[in-house]
Amino acid sequence: MPGQNRSLWGAQEAARAAEGQGLNFLIPLLDRIRYVQSLKEIVINVPEQSAVTLDNVTLQIDGVLYLRVMDPYKASYGVEDPEYAVTQLAQTTMRSELGKLSLDRVFRERESLNASIVDAINQASDCWGIRCLRYEIKDIHVPPRVKESMQMQVEAERRKRATVLESEGTRESAINVAEGQKQAQILASEAEKAEQINKAAGEANAMLVKARAKAEAIQLLAAALAQQHGNAAASLSVAEQYVNAFSKIAKDSNTVLLPANTGDVTNMVAQVSVVSYGMPQTHEDSQSPAVEVLKAEQGSSS
């Protein structure tokens with residue numbers, strides 16, 4: 001078969017290298033092929049072994065080793081059992097590399113750990129004619145108690161993350177509520193300000209309207225007083241107000257303060273006319289019908 005022919009050819013080449021280059025003959029029953037090396041890639045299962053990490057955790061670990069015979073002569077005469085030698089080298093190198101790492105880093109740096117083991121094996125197996133292509137860690141078994149502790153650590157980390165996320169959510173909610181209250185207060189103050197401005201403007205307009213109305217009333221009153229018998233009409237109005245005021249004096253309180261000349265109606269009307277309308281009352285006005293009517297009303301009420 002082609003594979004067996006290549007293997008036989010490799011053994012013959014190794015024999016020629018041992019005896020010297022050139023044509024060599026094998027005598028049946030006296031000469032025989034001592035070593036047969038395969039030039040294919042070889043897969044070797046590395047048995048499970050215990051290793052201690054940097055933080056004193058004992059692990060059970062195994063792996064798979066991929067290698068190839070590069071020099072059949074060295075593989076045949078350089079070492080007695082090349083596969084066993086490489087397997088033992090892989091185990092010792094694995095224990096050495098694991099002792100440099102903590103448990104957490106072992107799980108995170110599996111690729112770098114595989115590369116370190118391959119480099120260490122290639123440096124030692126170069127004289128054996130064997131080259132390690134790659135090494136893969138299959139399984140890592142931790143003690144049950146350590147596994148429980150790791151599970152608790154993972155759960156605690158998840159609870160921590162949940163608590164942090166919840167606190168951040170609460171903070172964002174509080175910030176949003178505070179921002180909303182701030183905006184509401186600003187809008188309320190602006191609305192109150194606008195209301196006060198509108199109210200002040202309304203009051204100012206009302207005062208202007210009242211002032212205009214009062215001014216027009218004063219102008220009308222002045223025009224009426226300037227007409228004939230204007231003072232007599234004013235005296236009549238003051239006299240009526242005087243009588244109405246006297247009729248309400250003792251309704252709210254028992255204490256009443258009256259002027260000394262209460263009975264002198266003519267003098268009182270003259271004084272009120274001067275104070276109210278700024279026009280002195282003449283002798284003719286004092287004898288007007290309005291004063292006579294007022295005297296009659298005062299006499300009837302008394």
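## Salt bridges

Five salt bridges are counted in this predicted model, a salt bridge being a side-chain nitrogen of Lys or Arg within 4 Å of a carboxyl oxygen of Asp or Glu. The model is predicted, and local features need pLDDT of at least 70, side-chain atom pairs count only at pLDDT 80 or more, and totals for chains, interfaces and linings use all residues. Residues are numbered from 1 along each chain as its sequence is written, and side-chain values use heavy atoms, with hydrogens and water left out.

One of the five joins Lys100 to Glu97, whose closest N and O atoms are 3.7 Å apart. Relative accessible area is described here as buried when under 20%, exposed when over 50% and partly exposed in between (1.4 Å probe, protein chains only); Lys100, at 52%, is therefore exposed, whereas Glu97, at 16%, is buried. A salt bridge also links Arg105 with Glu109, at 3.2 Å from N to O, and here Arg105 is partly exposed at 32%, as is Glu109 at 25%. In the salt bridge of Arg171 with Glu172, the closest N and O atoms lie 3.9 Å apart, and Glu172 is partly exposed at 39%.

## Helix α3 and its surroundings

Helices and strands are DSSP runs (H or I of at least four residues for helices, E of at least two for strands), numbered from the N terminus. Helix α3 covers residues 82-98, has 17 residues and spans 24 Å from its first C-alpha to its last, close to the 24 Å expected at 1.5 Å a residue, where the expected span is 1.5 Å times one less than the number of residues.

The buried residues of α3 include Pro82, Ala85, Val86, Leu89, Ala90, Met94 and Leu98, and with them the polar residues Thr87, Gln91, Thr93 and Glu97. Among the elements that cover these buried residues are the strands β1 (41-52), β2 (58-69) and β3 (130-141), together with the helices α2 (72-77), α4 (103-108) and α5 (110-125).

## The nonpolar core

A nonpolar core is a set of buried Ala, Val, Leu, Ile, Met, Phe, Trp, Tyr and Cys residues joined through side-chain atoms within 4.5 Å, and the largest one has 32 residues, with Leu65, Met94, Ile121 and Tyr135 making the most contacts inside it. Two or more residues of this core come from each of β1, β2, α3, α4, α5 and β3, and the largest share, six residues, is given by α3.

Contact means heavy atoms within 4.5 Å. When neighbours within four places in sequence are left aside, the contacts of Leu65 include Ile42, Val43, Ile44 and Val46, as well as Val86, Ala90, Ile121 and Tyr135. With the neighbours within four places likewise left aside, Asn114 is in contact with Tyr135, Glu136 and Ile137; Asn114 lies in helix α5 and is buried, at 10% relative accessibility.

Strands β1 and β2 run antiparallel and are joined by 10 bridges, two strands being paired if DSSP finds at least two bridges between them. Within this pairing, Val43 stands opposite Tyr66 in β2.

The hairpin has five residues between its strands, and Asn56 lies in this loop between β1 and β2. Most residues other than glycine have a negative phi. Asn56, however, has a positive phi of about 60° although it is not a glycine, and Asn56 is exposed, with a relative accessible area of 65%.
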